[in-house]
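Biologist: Before we use any terms for this one, I would like to see it. Please show the sequence and the structure together.

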Amino acid sequence: MYTQGLDQKGQTANNRGTTESQEQLAAFQRRIDAEEKIEAKDWMPEGYRRTLVRQISQHAHSEIIGMQPEGNWLTRAPTLKRKAILLAKVQDEAGHGLYLYSAGETLGTSRDQMVGDLLSGKAKYSSIFNYPTLTWADIGAIGWLVDGAAIMNQIPLCRCSYGPYARAMVRVCKEESFHQRQGFDIMLALSRGTAAQQAMAQDALNRWWWPSIMMFGPNDSNSRHSAQSMAWKIKRFSNDELRQKFIDVTVPQAEFLGLKVPDDDLEFDKLTGHYRFGEIDWQELSDVIAGNGPCNRQRMARRRQAHDDGAWVRKAAQAYADKQAAKKAA
């Protein structure tokens, strides 16, 4: 849907051998500053294109890998209604991945290349999906915390300077808002349930809280890409700003649920109107990103197996496309 109108080789205007003069760069930045949307055939700096490919492909990979921890509970959800809701959510995540791969293709990078980079380990996906879903409460915590953090990150992307990405995010954010409500509803039911159910909800919060606030990335002072991405208006808020917003919104929700956020340093600062929170274990984040999280190897093994299992479908689709192209040429 986003690749319509591109030339058949999938090349953008920027990677056809053009050079980047200071005048072009200045004119491009003026468009950004004027809040103009950059479209697929517009000239863009190579660094802008590479940044978008990295971010969009990582986002797409995260949606696809993110189906695994929840898919683990599709047959074990406690009621038929919960099964149906969870199934719809997992299907949504698949759709989000497809929208985003399509948006990435408008930048002259093929879907095969993006997927290949994931399978080879060259490309990353969100660290949050390398944690296990041990109980049904984990599904609630993912919806409430993980999707809540995702929404905080993604709503500003609806105003991203790159048009195809911004438009893809409008639908994604609408659907993610339902996912967050689904998760909170699970946590609410558990927190109003038996002592064992309440303990299950608290345990899930204990295990998912810190990984969720790590989702926003490193502190601004240690983020390699944030400043430039904000100058290009790919991002609208810094990592630390988004993390603070998420904590300020989520802590009162935890209190409403009767749950305790697992941070002994958490305290509301009346002067700033924000919560002060404890030190994040950045070493844990680095370890998970490096492939040493609890489920990194399992997630990638399953993704590679699914890719291999689907090879016949891709071959059949290509054969059909070739047949139709031959008919059209004749």
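The questions below ask what lies behind each term.

Biologist: What kind of model is this, and how many helices and strands does the protein chain have?

Modeller: The model is predicted. The protein chain has 13 helices and 2 strands.

Biologist: How do you know whether the radius of gyration of the protein chain agrees with a compact globule?

Modeller: A compact globule of 330 residues would have a radius of gyration near 20 Å, and the protein chain has 21 Å, so the value agrees. Along its principal axes, the C-alpha trace spans about 70 × 50 × 30 Å.

Biologist: What share of the residues counts as buried, and what is the accessible surface?

Modeller: Of the 330 residues, 48% count as buried, where buried means under 20% relative accessible area. The accessible surface of the protein chain comes to about 16,600 Å², and 55% of that belongs to carbon and sulfur atoms.

Biologist: What share of the contacts joins residues at least 24 apart in sequence?

Modeller: Among contacts between residues at least 6 apart in sequence, 78% join residues at least 24 apart.

Biologist: Where is E35, and why is it called partly exposed?

Modeller: E35 is in the loop between α1 (22-33) and α2 (46-65). E35 has a relative accessible area of 41%, so it is partly exposed. Its phi is positive too, at about 65 degrees, and E35 is not a glycine.

Biologist: What makes T75 and L271 exposed?

Modeller: Exposed means over 50%. T75 has a relative accessible area of 68%, so T75 is exposed. L271 has 84%, so L271 is exposed. T75 sits in the loop between α3 (67-71) and α4 (80-105), while L271 is found in the loop between β1 (267-269) and β2 (274-276).

Biologist: How far apart are L271 and D112, C-alpha to C-alpha?

Modeller: L271 and D112 are 51 Å apart in space and 159 residues apart in sequence.

Biologist: Why does D265 count as exposed, and what is it in contact with?

Modeller: The limit is over 50%, and D265 has 52%, so D265 counts as exposed. D265 lies in the loop between α10 and β1. Leaving aside its neighbours within four places in sequence, D265 is in contact with R276, F277 and G278.

Biologist: How do you describe the crossing of α6 and α8?

Modeller: Two packed helices are described by the angle between their axes and the distance between the axes. The axes of α6 (residues 136-154) and α8 (residues 195-214) come within 9 Å and cross at roughly 35 degrees. The crossing is right-handed. Residues making the contact include W136, I142, W144 and L145 of α6 and M200, L205, W208 and W209 of α8. The residues of this contact divide into 14 nonpolar, 1 polar and 2 charged.

Conventions
Residues numbered from 1 in each chain as written. Predicted model: local features only at pLDDT ≥ 70, side-chain atom pairs only at ≥ 80, totals over all residues. Heavy atoms only, no water. Axes fitted to C-alpha atoms, helices over the stretch in contact; angles between N-to-C directions. Helix = DSSP H or I, 4+ residues; strand = E, 2+ residues; numbered from the N terminus. Left-handed = near helix turned anticlockwise from the far one by under 90°. Contact = heavy atoms within 4.5 Å. Nonpolar A, V, L, I, M, F, W, Y, C, P; charged D, E, K, R; others polar. Rg over C-alpha atoms; globule rule 2.2 N^0.38 Å. Buried < 20%, exposed > 50% of the residue type's maximum accessible area, 1.4 Å probe, protein only. Areas by Shrake-Rupley, 256 points an atom, 1.4 Å probe, with all protein chains shown as cover.
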